[in-house]
Each structure stands twice: as structure tokens, then as C-alpha cells.
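Work through the exercises below with the sequence and the model at hand. Each task is followed by a solution in steps.

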Amino acid sequence: MKQTKPDYGNWVPLAVMRTLAVVMAVLLSGTVLLLILLPTLVPGSLLGALLAVLLIFWLYMLRCRHLFDFNRGGLMGKFHQYLVDHLDWGGNGTLLDIGCGSGALTIRCAKAFPQARLTGIDYWSAEWSYAKEQCERNAAVEGGDRVTFQKGDAAHLAFPDGAFDAVVSNFVFHEVRSERDKRKVVREALRVLKKGGAFALQDLFAQPKLYGDMEQFAEELRREGFQEVRYIPNVEKLGFVPGYAQSPWMLSGVGLLYGKK
């Protein structure tokens, strides 16, 4: 059956929800058996308490999944739009989306810049419910004939220096496992940007354990000759992210680095 609507997936994968549900089913069975077979209620009660905690966490993740859904809560799309709004680019030339996932940000950029040619790259590892074919189907549904996708490593981009007029990335760099120094991953993204090109990079930049002092990093880029470098920390606190989604294991320490090379 031909796909008629885009499928951009969710930051809370369905596979995760199903795995948690299976674990809860096992715990429930174990709790019932212990309560029936053992003369003491302690083991069954402890297992039941663990089940209750896991159920609460599952319900929390279900609410977050609803929030991140493009067709429901729409938070993923809001983050993408916030990034695009800070990309100071006229749209003439080429744009690279690093870690394109399901192609959602790439296609949003294609709509925002109708004259641009766009490339989305991603490693598409098994742990995420995304694939190159999914990106291509979404682009076909959305009319993205100026968009191409290819497999790639964000830490080692297969492009020469200054290959693109604009570079974007959204919540990707902290997931790159081929480079421990996340600042080097950022610099690799900026390497393939032309002099004078625009960039907007959004990630967990406000988490010092990952990136250190980002204000200091922004100043380093300015001293190296970048025309404009701006940094917005704690994007999640700007009003469009509900408080319950600002937990350390969900969205905490989001930052936006943007400007011109």
C-alpha cells in the first residue's frame, strides 16, 4: 500500500514501550506466583512494588511519547522549527542535515528554503526506529524532490572542507559513539561549512559533562574567525516544553549554537 502520510517516528520508540510492557507482564506473573506459592508475602510484595514503579515509569514514557508525536503533542516539530528560525540563511545553495533520523528536519528545511538542495546523513543504527528508506518515503510524500539521503558518521563526514552553504543538526552529537570528544563532532560539522555559511546546531550543549563551557567554546570559534557565533542555553526552559518533560533522563540542558562561519 502506497504511503500517503509521512512517518517521522518518535523520540520514545515503540520498541521501548513494548519491551517495558513485556517486562511488566513478567513481573506481574512472578508477583502472582510468589503470593500463591510462598507462605510469606514479603517476596511477592517486593516484586509487586517493583512492578508498580515500572508501571508509573511506563505511563510517564507513554505521556512523553504522545508529547513528542508530530501529529499529537508536536514537541519534536517545535524543536525543529525553533532551530530553523535561528538559521540565518537565504536558502540559495546546499544544506546538510547531520543525523537526519527519519528526515523530519531535512524536509522542514526543504519547505523553509524552496531553492535549496538538501542532503541528510545518518548512521541509522538498530537502536533507533529510523531508516534511509523511511526518509526517502517521507520526502516523496512531502514533495521533497530536492532532498537526498545517505549513510554517514557525524564524527567523520565524507565531504570536503566547505562543501555546504548551511549545516543543521538536532539532538545528534551526544549520541555519536565514534568520537568521545563531542566538541570535535561539532567542529566536524563546521568543517564542511563554507566560509560565510550559516549553521544552527541543537543538542545537550548545556550539560557540562558532555561539552564543558559552551560560552567559552563559542568564544574560541569567534577568535578563529567565525563571523557570528551565538549560544542559547537551556532551550527547554523557554516555554514550549512542559515541566514533566524537563527531567534529566528526557530533556535537560538543551542548547542551540548558531551563527555564520
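**Exercise 1.** Which residues does Thr119 touch, not counting residues up to four places away in sequence?

Solution. The model is a predicted one.
- Step 1: locate the residue. Thr119 belongs to strand β2, residues 117-122.
- Step 2: list the partners. Thr119 touches Leu95, Leu96, Asp97, Thr106, Thr148, Gln150, Phe159 and Phe164, with residues up to four places away in sequence left out. The criterion is heavy atoms within 4.5 Å.

**Exercise 2.** Classify Thr119, Leu28 and Lys5 as buried, partly exposed or exposed.

Solution. 
- Step 1: recall the cut-offs. Buried means under 20% relative accessible area and exposed means over 50%, with partly exposed in between.
- Step 2: take Thr119. Its relative accessibility is 12%, so Thr119 counts as buried.
- Step 3: take Leu28, which lies in helix α1. Leu28 counts as partly exposed because its relative accessibility is 47%.
- Step 4: take Lys5, found in the segment before α1 (14-37). With 65% relative accessibility, Lys5 therefore counts as exposed.

**Exercise 3.** Determine the C-alpha separations for the pairs Lys5 and Ala140, and Leu28 and Leu50.

Solution. 
- Step 1: Lys5 and Ala140 are 135 residues apart along the chain, and their C-alpha atoms are separated by 9.8 Å.
- Step 2: Leu28 and Leu50 are 22 residues apart along the chain, with a C-alpha separation of 9.7 Å.
- Step 3: Among contacts between residues at least 6 apart in sequence, 76% join residues at least 24 apart.

**Exercise 4.** Describe the second largest pocket by its volume and its lining.

Solution. 
- Step 1: the volume of the second largest pocket is about 310 Å³.
- Step 2: 16 residues line this pocket, and the closest to its centre are Asp7, Gly9, Asn10, Asp69 and Phe70.
- Step 3: assign the lining to elements. Helix α2 (residues 42-68) gives the largest share, three residues.

**Exercise 5.** Summarise the protein as a whole: its elements, extent, burial, surface and charges.

Solution. 
- Step 1: count the elements. There are eight helices and seven strands.
- Step 2: Along the principal axes, the C-alpha atoms fill a box of roughly 75 × 50 × 35 Å.
- Step 3: Of the 261 residues, 47% count as buried.
- Step 4: The mean positions of the 30 positive and 26 negative charges lie 3 Å apart.

Notes: Residues numbered from 1 in each chain as written. Predicted model: local features only at pLDDT ≥ 70, side-chain atom pairs only at ≥ 80, totals over all residues. Heavy atoms only, no water. Helix = DSSP H or I, 4+ residues; strand = E, 2+ residues; numbered from the N terminus. Buried < 20%, exposed > 50% of the residue type's maximum accessible area, 1.4 Å probe, protein only. Areas by Shrake-Rupley, 256 points an atom, 1.4 Å probe, with all protein chains shown as cover. Lys, Arg positive; Asp, Glu negative; His and termini not counted. Charge placed at Lys NZ, Arg CZ, Asp CG, Glu CD. 1 Å grid on protein atoms, 1.4 Å probe; cavity = no way out; pocket = protein on both sides within 12 Å on 5 of 7 lines; lining within 4 Å. Points joined across faces, edges and corners; volume = space filled by probe spheres on them.
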